[in-house]
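Subject: Handing over a structure

Hi,

Here is the structure I promised to pass on. Have a look at it first, and then read my notes below.

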Amino acid sequence: MRIIFSVFLLLFVALTAASQSPAKIFKRAEAALGGAKAMRSVRTVQRIGEITRRSDGASGRVVLLTARPGDHAVTYDVGGFEVASGFNGNSAWTRDSRGGVRTLTGPQGLIFRAESNYRNSLWLDYKKDKTKIVAGGRVDLAGKPANVLTLKTAKGVDIKVFFDEQTGLPVREEFSLGGESAVYDYGDFSRVGALLQPYRITYTANGETLDIKLERIVFDEPVAAVRFDFPVLSTEPLPDVPTLLKEVQANEDRVEQLLESYAFTEKRVGREVGKDGVLIEKDSETSQVSFYKGFRINRRIEKNGKPLSESEQKDADRDAAKRVEQIEKIIAKRESGDSAEAERGERMSIAEILRASNLLNPRRERFRDRDVIVFDFEPNVSFDYKNAKSMLRFFGKTAGVIWIDAADKQVARVEAVLADSFNIGGGVVAKLKKGASFTLEQERVNNEIWLPSAADINLSVRVFLVKGINVNQTIRSYDYRKFKTEVNDARVNQTVKP
């Protein structure tokens, strides 16, 4: 019995040592680096040194900058080839000597945004950022044991951090999403003020490895905001932004009429983060979308990838018919002067919405093989939100980036984050929490109209002061077709034109 007890005791000790809790690993790392308080006190960091490409030995200079709450910039040149990337809280961008400058979108953009946030606060704010922590156990890293934790961000980026088991220090980071990845290895830790910092960094991405040897690390010296902003490189003059928005507004008014003759298929996929931190598809719904007098009509045709049953389809068709009746009533109310009822169904253009924002950093880019004008936007504190329409009050609290097609004067893409919580009904009905984000894209159809093609929505809302709801959803729009709409006996008849 003593032998059996001893064996179980040894197994328990071994398992406990091999699977420390994430909280303990974080606290040990914070103590090793200099303490959470000292880590939080740093507002800006400048890292300057030499960078060498391992494949051919070419070298140059590198500057790494961070500024709270989430700004980050990297500039380096290797063998005369310069690369720069940055994130200013709204948009992520990159520039090199061959390809010029562009805004980072898709997995690359999300990874750089996640990295920018991580560089400024590491894991200290993971709860506030709605990041899940998944323990990865103990692994062998370059011949030394290390504990692994993965930070799974709300946008689906995985940040895998390796903590040296002996020192507790973070010695490797891996950022990954959608086949894109970036790996950082750290060494030669030395004290800078109250904190321990790595002076040797190895960066691996896209099949290339760069070795960085830092010479100086400086805390809390002022860093100009322009260092993180999108570079202005084009010699072609930019259009006057207010005039551009008026043109966008005029085009959207024209598009209102074209909408009546278009339909498309829309698939909404609900997602949720599982206990293991993996983003999985939960459910889906597919609908046929058309427009009637400026209002959307959704006719559901599939649920979770399967066609509706005969009875379900009848109910869906009945709902679409009721929607037409509702539209007619809304229009009648509008014509009778009932402004409250009129606003309920009113569509608002992006151009009108941006009146509640400050517009920054206008630039020219290429997007989806089209010339576009891009600028950042952020809340305008001087805007009269109290007397504004509800949509303006909402979008007036967002910050992000917008892409406008230079030729068609139509919105091609919007990325936005809710910079402050938004109350509905004074917060009693619902409260949309700060940090909610969405991305919307449109594509050119038949050389005459831009229609929705993709959306990504991630938000958290509290309903009636009690229930919290998380919405993580993708929307894909496709199969665009032109048709003629007729309304008879409150039913929508659609005839596809040849």
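Strand E7 (residues 132–141) pairs with E8 in the antiparallel sense, over 8 bridges. A quick word on terms: strands (E, at least two residues) and helices (H or I, at least four) are DSSP runs, numbered from the N terminus, and two strands pair if DSSP finds at least two bridges between them. Please keep in mind that this is a predicted model, where local features need pLDDT of at least 70, side-chain atom pairs count only at pLDDT 80 or more, and totals for chains, interfaces and linings use all residues. Residues are numbered from 1 along each chain as its sequence is written, and side-chain values use heavy atoms, with hydrogens and water left out.

Back to the strands. Leucine 141 sits opposite lysine 144 in E8. E7 and E8 make a hairpin with 2 residues between them, and alanine 142 in that turn has a positive phi of about 55°.

Lysine 152 stands opposite aspartate 158 in E9. This is a hairpin as well, with 5 residues between E8 and E9, and glycine 156 in the turn has a positive phi of about 90°.

Strand E1 (residues 44–53) and strand E2 (residues 59–67) are antiparallel and share 9 bridges. Threonine 52 has serine 59 of E2 as its bridge partner. The hairpin they form has 5 residues between the strands, with glycine 57 in the turn at a positive phi of about 80°. E2 then runs antiparallel to strand E3 (residues 71–78), with 6 bridges joining the two. Here leucine 64 has valine 74 in E3 as its bridge partner, and 3 residues lie between E2 and E3 in their hairpin.

**The protein as a whole**

There are 9 helices and 27 strands. Of the 498 residues, 45% are buried. Looking at contacts (heavy atoms within 4.5 Å) between residues at least 6 apart in sequence, 50% join residues at least 24 apart. The protein exposes about 26400 Å², and carbon and sulfur atoms supply 52% of that; the areas come from the Shrake-Rupley method with a 1.4 Å probe, and for residues only the protein chains shown count as cover.

**Two cavities**

How many cavities of 30 Å³ or more does a search of the whole structure find? The search finds 2. On a 1 Å grid over the protein atoms alone, a cavity is a set of points where a 1.4 Å probe fits but cannot get out, and lining residues have an atom within 4 Å of a point. Grid points are joined across faces, edges and corners, and a volume is the space filled by probe spheres set on the points.

The largest cavity holds about 60 Å³ of space. Its lining includes Ile350, Ile353, Phe377, Thr398 and Val414. Helix H8 (350–353), strand E20 (398–405) and strand E21 (411–418) each give at least two residues to this lining, which divides into 9 nonpolar, 2 polar and no charged residues.

Among the residues lining it are Gln20, Arg28, Asn147 and Asp164. Helix H2 (22–33) and E9 each supply at least two of the lining residues, and the lining has 2 nonpolar, 3 polar and 3 charged residues.

Is isoleucine 353 buried or exposed? Isoleucine 353 counts as buried because its relative accessible area is 5%. This residue is in helix H8, and its C-alpha atom is 8.9 Å from that of arginine 393, 40 residues away along the chain.

Glutamate 281, in strand E15 (residues 279–292), counts as exposed because its relative accessible area is 63%. Leaving out residues up to four places away in sequence, glutamate 281 touches Val269, Gly270 and Arg271. Glutamate 281 and threonine 474 are 193 residues apart in sequence, with 9.6 Å between their C-alpha atoms.

Cheers

Technical notes: Buried means under 20% relative accessible area, exposed over 50%, partly exposed in between (1.4 Å probe, protein chains only). On a 1 Å grid over the protein atoms alone, a cavity is a set of points where a 1.4 Å probe fits but cannot get out, and a pocket is an open set with protein on both sides within 12 Å along at least five of seven lines; lining residues have an atom within 4 Å of a point. Ala, Val, Leu, Ile, Met, Phe, Trp, Tyr, Cys and Pro count as nonpolar, Asp, Glu, Lys and Arg as charged, and the others, Gly among them, as polar.
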